[in-house]
Amino acid sequence: MGFEPPQRLVRTLGETYGDAAAAEWLGKLPELADEALDRASLDAERVMAPGGRSSLVALVRRPDGSPAALKIAPPFTRPDLERDALAHWNGWGAVQLLDEAGTGALVLERLHPEVSLRSLPEAKALLEAAGTVRKLWVEPPAEHGFQTVTERTAHQAEAMRPYLSDAPTAALTAAALTAREELVAASPESLLLHGNFRQGKVLAGDRAPWLAVGPEPLVGERAYDLARLVRDRVEDLVAASSGASAARRRVNKLADSLDLDRERLRGWTLFRAVESGTRALTAGRRQDAELLLEFASWL
């Protein structure tokens with residue numbers, strides 16, 4: 001299957017994992033794609049663009065002619081953990097895992113990639129998102145290999161520490177790191193989480209109206225999982241004169257609708273927004289960083 005990897009995939013892999021590691025895997029991608037198609041006897045239709053940020057997604061047909069999607073991810077993104085989470089959910093609230101097509105290659109139920117919750121009005125999108133993510137919060141499988149929230153955020157916290165000495169970001173970074181320390185000191189739950197849940201990760205389906213895709217699974221408390229959803233459409237919030245109050249209302253509304261502690265959700269939302277903002281600064285995406293850090297300052 002001849003193709004050019006989508007530019008968003010090339011850019012994001014380079015920013016997140018380093019240009020050398022990204023280039024090495026991307027150089028092998030055409031061969032990996034052909035191998036996966038052959039292994040699962042799939043016919044390729046087209047590559048999705050702009051597609052995912054950490055994987056190639058192609059629309060395919062299975063041997064019986066039924067539609068599916070082929071997802072190929074580099075080993076350093078741990079596609080084996082996504083496979084394990086999808087297998088455990090078994091289609092409950094998430095895309096169905098149909099088959100494997102080699103290392104890092106998953107054959108998935110085909111959804112409607114052009115229709116995510118971002119296509120709905122905000123209030124309706126948040127309602128549907130809450131109903132979807134609730135289904136994913138289950139006990140993890142026995143002897144799982146998923147990171148905990150404490151482990152994942154420890155690595156992130158270390159990467160944030162240089163910004164403690166940078167005047168524009170010092171206060172917010174300190175507040176975010178303090179919030180994390182307090183939250184992990186008394187974590188109330190150990191449930192399987194999506195890990196990167198937001199409106200764009202919930203697509204329209206035929207088997208169910210809305211199904212989650214693209215998990216970065218880990219184990220911990222529900223408030224961590226909901227925190228990324230709180231800042232969805234952050235550009236609209238920042239542009240609105242009532243953005244600050246709207247953000248705080250969103251925290252309270254989502255916490256109440258899913259029976260979560262408001263302060264724990266606020267704390268994780270702060271940490272995850274500042275972590276994303278400082279990471280954007282490191283990658284040179286200043287505009288993204290400014291939006292995220294302004295949002296974080298409202299919390």
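Colleague: How do strand 8 and strand 9 pair, and over how many bridges?
Modeller: In this predicted model, strand 8 (residues 202-204) pairs with strand 9 in the antiparallel sense, over three bridges. Within that pairing, L203 is placed opposite L211 of strand 9.

Colleague: What is the strand order of the sheet?
Modeller: The order is 6-8-9, in an open sheet of three strands with antiparallel pairing.

Colleague: Which strands stand at the edges?
Modeller: Strand 6 (112-116) and strand 9 (210-212) do. Each has a single partner strand, so one side of each is left without a neighbour in the sheet.

Colleague: By how many degrees are neighbouring strands of this sheet turned against each other?
Modeller: The average is 55 degrees, direction ignored.

Colleague: Turning to helix 3, which residues are buried there?
Modeller: P79, L81, E82, A85, L86 and W89 are buried in helix 3. Viewed down the helix axis, the buried residues fall within an arc of 155 degrees, so they line one face of helix 3.

Colleague: What do the buried residues of helix 3 pack against?
Modeller: They pack against strand 3, strand 4 (97-100), strand 5 (105-109), helix 4 (122-136) and strand 7 (191-193).

Colleague: And what follows helix 3?
Modeller: N90 follows helix 3, and the phi of N90 is positive, near 50 degrees.

Colleague: Now the rings. How many aromatic pairs does the structure hold?
Modeller: There are four aromatic pairs. One of them is formed by Y17 and F76; this pair is tilted, with 4.7 Å centre to centre and 45 degrees between the planes.

Colleague: Which parts does the pair of Y17 and F76 tie together?
Modeller: Y17 lies in helix 1 (residues 7-17), while F76 lies in the loop between strand 3 (67-72) and helix 3 (79-89), so the pair ties together parts that are 59 residues apart in sequence. Y17 counts as partly exposed, at 35% relative accessibility, and F76 also counts as partly exposed, at 30%.

Colleague: What about F295 and W298: what kind of pair do they form, and are they buried or exposed?
Modeller: F295 and W298 form an edge-to-face pair, 6.2 Å centre to centre and with 65 degrees between the planes. Both residues are buried.

Colleague: Which residues do ring pairs link into a cluster?
Modeller: The cluster consists of Y224, W268 and F271. R272 lies over the face of Y224, 4.2 Å from the ring centre.

Colleague: Where does the charged end of K135 sit?
Modeller: The charged end of K135 sits over the ring of W92, at 5.1 Å from the centre of that ring.

Notes. Residues numbered from 1 in each chain as written. Predicted model: local features only at pLDDT ≥ 70, side-chain atom pairs only at ≥ 80, totals over all residues. Heavy atoms only, no water. Phe/Tyr/Trp six-rings, centres within 6.5 Å; stacked < 30°, edge-to-face > 60°. Helix = DSSP H or I, 4+ residues; strand = E, 2+ residues; numbered from the N terminus. Buried < 20%, exposed > 50% of the residue type's maximum accessible area, 1.4 Å probe, protein only. Lys NZ or Arg CZ within 6 Å of the ring centre and 35° of its normal. Pairing = 2+ DSSP bridges. Axes fitted to C-alpha atoms, helices over the stretch in contact; angles between N-to-C directions. Arc of directions from axis to C-beta. Contact = heavy atoms within 4.5 Å.
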